Every structure is written in C-alpha cells, then in structure tokens.
Amino acid sequence: MNKIKDLLLNFFPLAMGKRLKSAIIFLAIVISIPLLIVAVRSQQPVTIDVLVWAVESEQMEDIVADFNEDNPDININVIEGPNETDQVEDLYTASFLLGDSPYDLVYMDIVWTPKFAAAGWLKDLSEYVSEEELDEFLEGDVNGGMYQGKLYRMPFRTDAGMLYYRSDLLEEAGYDPPETFSDLMEISQSLQAEEKAPWGYTWQGRQYEGISAMFVEVLAGFDAFWIDPDTLEVGLDEPNAIEAAQFLKSTIEEGVSPPGVTTYEEEDTRRLFENGETVFLRNWPYVYGLAADSDIAGKFDIQPMVSTPEGRSGACQGGWGFGIAESTNHPDEAWEVIEYFTKAETQKRYALEEGQTPTRRELFEDPELVEEYEYLPELLEVLQNAVLRPAIAQYPQASDILQRYLSAAISGTMTPERAMNAAARETRRLLERS
Ligand code: GLC
C-alpha cells in the first residue's frame, strides 16, 4: 500500500507540495468510488420482476430459466401470486396505487387492460411493435390489449371457454356429444342414474371473475347479452338473460351440478373432472394438457359450449399477455422479455410442454401442435367468434356487480329474476355515473 502511495506521490511534479498532492489523490479516490460502483453495477444483470398467478408461474419455470441462462444481462424474477385472477389484479392494483411498485412487467388477464391503461399504470407499447408484427397474432387478443387506440398489452397465450366431456362414458351409453343445454342435462342425469359419475356438469360458480367469464357463455347460449360496449345498453334483466341465470340454478336444483359449485374456481372443477367425478366440465384449454396426464387420459374430449337452439355457442374470450409498468426503470429490458415470450418458438414450446394455447395464428396450423392438440383448428374458429366481456374502463365494477347478484341467484338467496333485475339496475347506475 505504501509503495502505491509513494508511486502516486512521485507522479506529481517535485515542486508540488506534499499536502496538495495528498489532497488531489484523496479527491481522485472520492470521485472514482461512485464510478466504480456504477461499473460494478453495470456488470450485474437487470432484474425484471413480474407477478404471475400460481399455476402458470410453475408452468413458466423452464422457459424463464432458459431465458436467464441465455441472457446474462437480464434476470426474470417470477413472483408467484394466488390462483384467482381478481386476487392477482388486486395485488398489482395495490402496488400501483401505493406507488413504488416492485413490478417491471405486468402479466395481465385480457380484462384488466382498460382499467390499467386508463389509470396510467402501463406504457404504450406501440413504439416497440409494428402493425405488421401485430397482424401475426389473433385479432381478439390484440384488440384485448388496446385501449383508446394504443397498445398496452402483448398477447402471450389465449383462452376460450370450452366444454370438456367424458367421451368414454358417452360412447358406452350411445350418446353423441351434446348440442343444447337440454342435451347436457339429459345425458348428465342418465349417466348419473347409472352411477357412471356422481355429478353431471361442473362449472365455476364462486363469486369472482371466473363466474362472469362462465356466464357470458351461458348468456350467448340463450341469445342474451350483458353490456353492449358501444351503446352501453345493459341486457341483464331481459327475459333471456334471466332464463340463463335460471338454467344455472336448475343444474344445482336438479342435482346435475354439486351444491359446492357455488364456491368452485377453475382448479376445483378441474380436480373433480380428473378424479372422474363429473361427466361434463366447463373450463379453459389449459386443462387439456393436465387432464391428459391424469387418470382420465384418453377418456375425454372437448367441444364448443352448448346453447339453446335459438342461441349461439359462445366461448368466452380470455387470455394473458404482458404489459410494461409505467413506473419501471428498465422498459427496454422488459420489452426484451416480452419479445422472448411472445415469439413463435416460445409460444410453440409452451403449448407443447404445458398445453397452453398460443396467440400467433400460424401456430394453430403447426403440424406438431395439431398432432398433439387435435382441437386447435376448431379452437381457432371458436376464437374468431368468441364472446367478449365488455371492454370498458369500469369493467371491474361491472363484473363485481354481476358476480354478486349471480352468486345470490345460484345460491338461492335471491330469485334469478330479482337478482338479474337488481344487477341490471346497479350496472346502469354505474355506467350513468361515469
Ligand atoms: C382465465 C382467462 C381469463 C379469465 C379467468 C377467469 O384465466 O384467461 O381471461 O378472466 O380465467 O377466472
């Protein structure tokens, strides 16, 4: 150490006083410390934090690990959230409201876009991606990421509500797959009577976003609607919509659906199906891959949702994608992560390994994917006619109203008619207020 000091002191002209020399050296050291810190820091990878709902945070693990290995400058850090979309939404919302959000990326349900964009929590992604690039993705998924003409969310994987059924049981009993709600009830009751399964039909009835997603399909099936996003007309108290709610209640009353269905979310219903406890299941495509590894492997199939003869088979458009938090210090690195997740190669791998559905159109015709998931070409058609939940900034409040009253209707604390009338009134008040 003394040697270095002597060397440095000798570096200055002889005429310079020793104190002056020491002062200059001291100053040089003081100035270089922050530079050194910056230099060391810049060697450290930038961490991109993102909160992901539980099941998917596991499904993404390998993809994330590979990215981190190939990109020493960026480290994706997935924080595991709860399973329910609303609870994850609440966590993101709280972090943005409190300021200083720890999240750089926002892994978003398609229905969060209007609220998050209107609140100013997301960056406009238009500068990162061209129209031509967006054309490669499914239209509904791209539109679900737009708000007031700007893009806030890049679609990673899509979702559409489908009807799963036990093909082995239906075949054995000589039934064709159901087309109408009445077919579904009839087949269920007859297979239940033969003790082929304790329950006929299982769906998501808990008071959360899943019940709204499920209900838009029943509404379409009864040729009814929730809110017209262009005119803001509310259809919940129209006779067909009341009938739709009545149908759901009747599945429980007639013993086709378990009474517990009023507390079930996706994962509860998936377990019942995989355990052979229900003939039919309403769920998303992610169940396909998981059920193919379960005891009912090879004994089930999927088809579009049933309807009344006058209604239309409606699959709710769901799906997840990435937004960049307005508050992040690393938007460019966050975009690199988005590019990696949304490129065709990653989407294909995710589909093959985890059974999730891609958002790039070309992949619906990919021979390897179609061999694994025969339903893909049909799903593409289903998605092109998907039912949307109203893309309005007040969506969370509107959904909350529907969830509350529909839950009251199916659990018997209100008649479906009173519940739907009240839901319609409250929704109109909400829309008028804003
Ligand atoms: C799925 C869908 C999502 C929907 C949610 C409801 O995750 O992709 O859009 O809101 O289910 O539970």
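A polar contact here is a pair of N or O atoms within 3.5 Å; within protein, one must be able to donate a hydrogen and the other to accept it, and residues adjacent in sequence count only if both atoms are side-chain atoms. This is a predicted model, where local features need pLDDT of at least 70, side-chain atom pairs count only at pLDDT 80 or more, and totals for chains, interfaces and linings use all residues. Residues are numbered from 1 along each chain as its sequence is written, and side-chain values use heavy atoms, with hydrogens and water left out.

**View 1. Around the ligand.** Residues with a heavy atom within 4 Å count as near, and for the ligand these are T85, D109, D159, Y208, E209, G210, E266, W284, G318, G319, W320 and R389. G319 uses a backbone N or O atom, 2.9 Å from a ligand oxygen. D109 brings a polar side-chain atom to 2.5 Å from an oxygen of the ligand. For D159, a side-chain N or O atom sits 2.5 Å from a ligand oxygen.

**View 2. Helices α19 and α20.** Helices (H or I, at least four residues) are DSSP runs, numbered from the N terminus. Axes are lines fitted to C-alpha atoms over the stretch in contact, and angles run from 0 to 180 degrees between N-to-C directions. Helix α19 (residues 395-410) packs against α20 (residues 416-433) at about 170°, with the axes 8 Å apart. That makes the pair roughly antiparallel, a word kept for angles over 145 degrees. Contact means heavy atoms within 4.5 Å; among the residues making it are I401, L402 and Y405 of α19 and M420, A423 and L430 of α20. The contact residues split into 12 nonpolar, two polar and two charged.

**View 3. Helices α15 and α16.** Here α15 (residues 331-342) and α16 (residues 344-354) pack at about 55°, with their axes 5 Å apart. So α15 is oblique to α16. Y340, F341 and T342 of α15 meet A344, T346, Q347 and R349 of α16.

**View 4. Helices α4 and α16.** Helix α4 (residues 61-70) packs with α16 at about 145°, and their axes are 10 Å apart. From α4 come D62, I63 and D66, which meet T346, R349, Y350 and E353 of α16.

Key
Helix = DSSP H or I, 4+ residues; strand = E, 2+ residues; numbered from the N terminus. Parallel < 35°, antiparallel > 145°, perpendicular 65-115°, else oblique. Nonpolar A, V, L, I, M, F, W, Y, C, P; charged D, E, K, R; others polar.
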